[in-house]
Amino acid sequence: MSEIFKNIPSIQYEGRDSKNPLAFKFYNANQVILGKPMCEHLPFAMAWWHNLCAAGTDMFGRDTADKSFGTEKGTMEHAKAKVDAGFEFMQKLGIEYFCFHDVDLVPEADNINETNKRLDEITDYILEKMNATGIKCLWGTANMFSNPRFMNGAGSTNSADVFCFAAAQVKKALDLTVKLGGKGYVFWGGREGYETLLNTDMKFEQENIARLMKMAVEYGRSIGFEGDFYIEPKPKEPMKHQYDFDAATAIGFLRQYGLDKDFKMNIEANHATLAGHTFQHDLRVSAINGMLGSIDANQGDLLLGWDTDEFPSNVYDATMCMYEVLKAGGLTGGFNFDSKTRRPSYTVEDMFHAFILGMDTFALGLIKAAEIIEDGRIDSFIEERYSSFKSGIGKKIIEGKTTLSELAKIAEDMGAPALPSSGKQEYLQSIVNQILFSGTVAVK
Ligand code: XUL
Ligand code: CO
């Protein structure tokens, strides 16, 4: 097999002063941060669909990038060329994982038996490459949103036949995830929602989604899948409303249907912002509920307001993300670049520049988040902020050793309470800026 990205060398770390566009400035895989090498803090993954399939098409225009890799698109030869390209790409960047949908791997046939045969063939080939390179599968999923049959959803569809088809795709995608040793299995409910409540039985649809997920857990466990199932929340797009609106909503759903032991969250930055939250918010909600599993690393554009899936460049957001991840003790999953180059960035170099940007952004985020933690001022401020609950009546409240009447009596006797201590937001923001821009990258 000949080299596909001929003019691209293996990407090396050259440090912050390098001007080489094909070098890392901050991602230094073996540099130890808080006792662990960067590559262990940041298990990066390539999204098969964006990197090897998406070619710049948008609602107003056709492909700008050539992702044929010298073959005819829609053939098994093309599917194999994507495998060759993907593994060469990941090796050149030092990316350890990939994520896939079933239909990213092969062209979908007219019937599922033929599609499944193609999937068996391509995953045999992928497995060979995995064994030769040490590259691993982070998670798999089934695309139950592109084909017209899923126009009304998969688990939430009004058609029992389509529900069967969805079940067949989930079953096969789980087989493939297990075959490839994937750490997780994702449900992104792209069309699990509604356009209008005038035609929608919301309760019925949500119960059916839960039924599909329960069957997936039962089947997955029966074939030896020991990893996490993930819900990837997103509030809207393509539907007007999607049931997995945000982390809080998805966690409530999982608990309601007894799925919370098998599922965690796969939080995507641009989905959180579409829900009107910060990326950090949805990470925190997941973490405090013990459900921070994996991350789809990208960013949106607040001026556009749709799911632009841009490569992450915002160091502030990456820092706050890594602060949450470090505080949570790391991810069970990884950082999947569910990101695509902009439509006018259509060259092979652009594909590499994009990953260098994303990996450097998260490396910087990691370095800076570690510095915030080592600095300690923010953590100790938060600790101190709630100190009135550490002794006296505050302690009794959190220990459950008081009553509403006792508290009311205390309030009556004290008159008006003093104002709570200052939130000091501006002081805390200035600490973050000081750490971000003081120029040090000196974390052990
Ligand atoms: C869509 C999205 C998906 C999921 C997997 O917004 O993020 O690519 O990550 O289906
Ligand atoms: Co995603």
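Helices here are DSSP runs of H or I, at least four residues long, numbered from the N terminus. I am working from a predicted model.

Entry 1, helix α8. I looked at what comes after α8 and found G258, whose phi is positive, near 65 degrees. I then listed the buried residues of α8, which spans residues 247–256. They are A247, A250, I251, F253 and L254. Why do they sit on the same side of α8? They do so because they cover an arc of only 160 degrees around the axis. I checked what covers them and noted that the cover includes α7 (202–222) and α10 (279–288), along with the strands β10 (228–231) and β12 (263–268).

Entry 2, cavities. I searched for cavities of 30 Å³ or more and found 2 in the structure.

The lining has 17 residues, and the closest to the centre are M144, F187, W188, G189 and E192. Both β8 (184–187) and α7 supply at least two residues each to this lining. I sorted the lining residues by type and got 11 nonpolar, 3 polar and 3 charged.

The lining consists of D102, V103, E108, I112, T115, N116, L119, F165, Q169 and K172. Two or more residues come from each of α4 (102–105), α5 (112–133) and α6 (160–179). Which element gives the most to this lining? I found that α5 does, with 4 residues. By type, I recorded 4 nonpolar, 3 polar and 3 charged residues in the lining of the second largest cavity.

Terms used: Residues are numbered from 1 along each chain as its sequence is written. Chains are lettered from A and ligands numbered from 1 in the order in which they are written. This is a predicted model: local features need pLDDT of at least 70, side-chain atom pairs count only at pLDDT 80 or more; totals for chains, interfaces and linings use all residues. Side-chain values use heavy atoms; hydrogens and water are left out. Buried means under 20% relative accessible area, exposed over 50%, partly exposed in between (1.4 Å probe, protein chains only). The arc is that of the directions from the helix axis to the C-beta atoms. Contact means heavy atoms within 4.5 Å. On a 1 Å grid over the protein atoms alone, a cavity is a set of points where a 1.4 Å probe fits but cannot get out, and a pocket is an open set with protein on both sides within 12 Å along at least five of seven lines; lining residues have an atom within 4 Å of a point. Grid points are joined across faces, edges and corners, and a volume is the space filled by probe spheres set on the points. Ala, Val, Leu, Ile, Met, Phe, Trp, Tyr, Cys and Pro count as nonpolar, Asp, Glu, Lys and Arg as charged, and the others, Gly among them, as polar.
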